[in-house]
Amino acid sequence: MKSFEFVNPASLRSAISTLASAGEKAKLLAGGIDLLGEMKDYIQQPDIVVNLKTVPGLNRLTADRRGLRIGPLVTLTEIAEHPVIRANYTALAEAAESVGTPQIRNVGTIGGNLCQRPRCWYYRDEAVVCLKKGGSVCYAVEGENQFNAVLGGGPSWIVHPSDCAPALIALNASVEITGPQRRRVVPLEKFFTLPTQNVLQETILESGEIVTQIIVPAPAAGTRSHYMKVRHKESFDWALSGAAVMLQLRNRRVAACRVVLSGVAPIPWRSPEAEAVLRGKAVTPQVAMQAGQAAMAKARPLGKNAYKVPLTRNVVKLAVLKTAGV
Amino acid sequence: MAISLMSGKVTVSATVNGEPTEWLCEPRETLLEVLRDRLGLTGTKEGCSNGNCGACSVLLDGRLVNSCLVLAVETEGAEITTVEGIRGEKGLTPVQRSFLEEAALQCGFCTPGFIVAATALLQANPSPTEEQIRWWLAGNLCRCTGYDKIVRAVQKAAAEMRGEA
Ligand SMILES: Cc1cc2nc3c(=O)[nH]c(=O)nc-3n(C[C@H](O)[C@H](O)[C@H](O)COP(=O)(O)OP(=O)(O)OC[C@H]3O[C@@H](n4cnc5c(N)ncnc54)[C@H](O)[C@@H]3O)c2cc1C
Ligand code: FES
Ligand code: FES
C-alpha cells in the first residue's frame with residue numbers, strides 16, 4: 001500500500017471539508033473492507049484517508065412507526081441480526097446476511113456496501129487500465145466476461161456488486177447525502193448511474209459528498225419481501241444473479257410490487273417488465289415464471305455469460321414464489 | 001483543531017491479549033502487519049491479504065475480524081485477542097484440545113484463524129447446529145483437512161464446554 005495521511009475528523013463538517021478540498025487525492029474510509037483491498041492492489045492510491053468512524057452519530061439505527069433510519073456506519077451484522085428488520089424488512093436482512101463472511105459483515109458497513117466499487121477482474125487488475133480507470137477499452141467485451149452484465153451494459157460491462165442495494169430499492173429506500181454546499185435526499189434507485197452517464201463512477205456522489213443516512217419507509221400492511229442470491233461458490237461470494245422482491249398482497253392479489261436484480265447489470269436493476277406482469281395478479285408458478293421471462297426479455301449476453309439469462313429467470317421466479325408464500 | 005492528522009509514524013496504544021501495549025507504525029500498516037512484524041505475534045497468519053481466507057482472524061473488541069483489512073491506527077484504545085491470547089487455565093482450551101484430538105489440521109496454517117473463529121462462535125452460541133458452525137466458519141479456508149473434522153472438533157468442544165463430555 002502507498003503511504004498516506006490518516007485523518008480522524010471530529011465532525012461531519014470537517015470530514016466533508018477535508019474530502020472536498022483534497023478532491024481526488026482523498027478517500028473516505030468506513031469499514032475499509034473494499035477500500036483497503038483496492039489500495040493494496042494500487043487501484044486507488046489516495047494521499048489522504050479520511051476515517052468516517054470518528055464522526056459521531058453515524059452508527060445509529062432506529063426502527064419506529066415511520067420506518068428505518070440507518071446510519072451509514074451500521075454494520076451488516078447489525079442489520080442481519082436486527083429483529084425488526086428480519087421481521088418487516090426481510091429482504092434487507094437476507095441481503096446483509098448474504099454478504100461475504102462473518103468477518104466481513106462484522107466490519108463492513110451499509111454505507112460502504114452501497115458505495116463499494118466494481119469487482120470486474122479487469123478493473124481490479126493493477127496492470128490493466130480499463131475504461132473504468134480512464135482507459136479506452138472495456139476488456140470484458142472480448143474477454144473473460146462470464147461474470148459481467150447482460151442488461152444495461154455499455155460502454156462498460158461491470159455488474160454492480162452490492163447485495164443490499166437491490167433489497168433497499170425493493171423496499172423503496174432513500175439516501176440522505178451531505179456535501180459541502182447542501183444536504184439532499186434521493187431515492188436510492190436514482191443514486192446509481194449507468195456507465196453511459198459517467199463511466200468512472202457508479203453513483204451520483206459529487207466531490208466531498210457523504211451518504212449520511214439511509215431511510216426506509218415503513219412497509220404498507222400486507223407487504224412482504226425476500227432477497228434470493230445465487231453464487232459461484234456456496235460459502236461466500238458476490239451474486240452471479242440475485243433478486244429482491246417486494247409484494248404487497250391484498251385479497252391474495254398483488255396490489256403493489258418491486259423486483260430488483262443483482263449481478264446482472266452495472267446498477268441494481270429494477271425490472272418494470274417483471275412488475276407489470278405481477279401487478280393485479282394472484283401469484284402462481286406460471287405468473288412467477290412469466291415475471292422471470294419478462295425481466296430478462298431485453299437481456300443481451302456477451303460471449304460467456306448467456307447462462308445468466310435462464311439463471312436469472314429462475315431466480316426471479318423462485319423469489320416471487322417465496323415472497324408470495326406459494 | 002477539529003481534525004487530527006497522522007502521517008509518518010504514529011503511536012498507537014491498545015490492549016493485546018490482556019496486556020496494555022504500545023507501538024509505532026505508519027498509517028498504511030494493517031493490524032496483521034503490526035501483530036506479526038512489530039509485536040512478534042506470529043500466530044496470526046497471512047493467507048490472502050484480501051479478506052478471503054480468514055487465516056488472519058482476530059477478535060477486535062470481541063468481534064471476529066480479518067486483521068489484514070483493519071488499519072492498525074484504527075485500533076487505538078481497542079481490545080485485541082489473537083490466538084496467543086486464547087488459553088485455558090491449565091494449558092489448552094477445549095477448542096484447541098479438540099482440534100488436536102479430532103485431527104482437524106494438517107499443515108496448520110489455517111488453524112489459528114479457525115481457533116479464533118470457533119472460540120468466538122462458541123462464546124456467541126454455545127449450542128450451534130452443524131449448519132450454524134459451517135456458516136460461521138465460512139470465512140475460514142482450509143486447503144488440507146476438509147471441513148468435516150473441523151466441524152466435528154467444534155461440536156466436541158461445544159459439548160465439553162456445556163459440561164456434556
Ligand atoms: C472477500 C469479500 C467478499 C465480499 N462479498 C460481498 C458480497 O457477497 N456482497 C456484497 O454486497 N459485498 C461484498 N463484499 C464487498 C464489501 O467490501 C462489503 O460489502 C462492505 O459492505 C463494504 O463496506 P465497508 O464499510 O468496509 O466499505 P469501505 O471499504 O470503507 O468503503 C467502500 C467504498 O465506499 C465509500 N464509502 C464508504 N462509506 C461511504 C459513505 N457513507 N458515503 C460515501 N462513500 C462511502 C468509500 O470511500 C469506498 O470507496 C465483499 C468483500 C470482500 C473482501
Ligand atoms: S489474510 Fe486476511 S483474510 Fe486472508
Ligand atoms: S490444515 Fe492446511 S490449510 Fe488447513
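Reader: Which residues of α3(B) meet which residues of α5(B)?

Author: Two residues are in contact if their C-beta atoms, placed from the backbone, lie within 7 Å. From α3(B), Phe114(B), Ala118(B) and Leu122(B) meet Ile150(B), Val154(B), Ala157(B), Ala158(B) and Met161(B) of α5(B). By class, this contact of α3(B) with α5(B) has eight nonpolar, no polar and no charged residues. Ala, Val, Leu, Ile, Met, Phe, Trp, Tyr, Cys and Pro count as nonpolar, Asp, Glu, Lys and Arg as charged, and the others, Gly among them, as polar. Helices (H or I, at least four residues) and strands (E, at least two) are DSSP runs, numbered from the N terminus.

This is a predicted model: local features need pLDDT of at least 70, side-chain atom pairs count only at pLDDT 80 or more, and totals for chains, interfaces and linings use all residues. Residues are numbered from 1 along each chain as its sequence is written, while chains are lettered from A and ligands numbered from 1 in the order in which they are written.

Reader: At what angle do α3(B) and α5(B) pack, and how far apart are their axes?

Author: Two packed helices are described by the angle between their axes and the distance between the axes. Axes are lines fitted to C-alpha atoms, for helices over the stretch in contact, and angles run from 0 to 180 degrees between N-to-C directions. For α3(B) and α5(B) the angle is about 40° and the axes are 11 Å apart. The two helices are therefore oblique to each other: angles under 35 degrees count as roughly parallel, over 145 as roughly antiparallel, 65 to 115 as roughly perpendicular and the rest as oblique. The crossing of α3(B) and α5(B) is right-handed. A crossing is left-handed if the near helix is turned anticlockwise from the far one by less than a right angle, and right-handed if clockwise.

Reader: How do α2(B) and α5(B) cross?

Author: Their axes come within 8 Å and cross at roughly 135°, so α2(B) and α5(B) are oblique to each other. α2(B) passes α5(B) in a right-handed crossing. On the α2(B) side the contact uses Pro94(B), Val95(B), Ser98(B) and Phe99(B), which meet Ala153(B), Lys156(B), Ala157(B), Glu160(B) and Met161(B) of α5(B). Six residues of this contact are nonpolar, one is polar and two are charged.

Reader: Which residues of helix α2 of chain B are buried, and what covers them?

Author: A residue is buried if 20 or more other C-beta atoms lie within 10 Å of its own, exposed if 12 or fewer, and partly exposed in between, with C-beta atoms placed from the backbone. In α2(B), residues 94–101, the buried ones are Pro94(B), Val95(B), Gln96(B), Ser98(B) and Phe99(B). Their cover includes α3 (111–124) and α5 (147–161) of chain B.

Reader: Is Arg134(B) buried or partly exposed?

Author: Arg134(B) counts as partly exposed because 16 C-beta neighbours lie inside 10 Å. Arg134(B) lies in helix α4 (residues 130–136) of chain B. Leaving aside neighbours within four places in sequence, Arg134(B) is in contact with Tyr147(B) and Val151(B).

Reader: Where does ligand 1 lie, and how many residues surround it?

Author: A residue is near a molecule if its C-beta atom, placed from the backbone, lies within 6 Å of it. Ligand 1 lies between chains A and B. The elements that give two or more residues to its shell are β2 (26–29), α2 (33–40), α6 (102–107), α7 (110–115) and β8 (210–217) of chain A. 37 residues surround ligand 1, the closest being Gly31(A), Gly108(A), Gly111(A), Gly112(A) and Cys115(A). The shell has 18 nonpolar, 14 polar and five charged residues.

Reader: How many residues does each chain give to the contact between A and B?

Author: Chain B gives 26 residues and chain A gives 27 residues. On the side of chain B that touches chain A, β1 (3–6) and β5 (63–66) are the elements that give two or more residues. That side divides into 13 nonpolar, nine polar and four charged residues.

Reader: Where is the cis peptide bond in chain A?

Author: The bond from Gly154(A) to Pro155(A) is cis, with omega near -5°. Pro155(A) lies in the loop between α8 (121–124) and α9 (164–170) of chain A.
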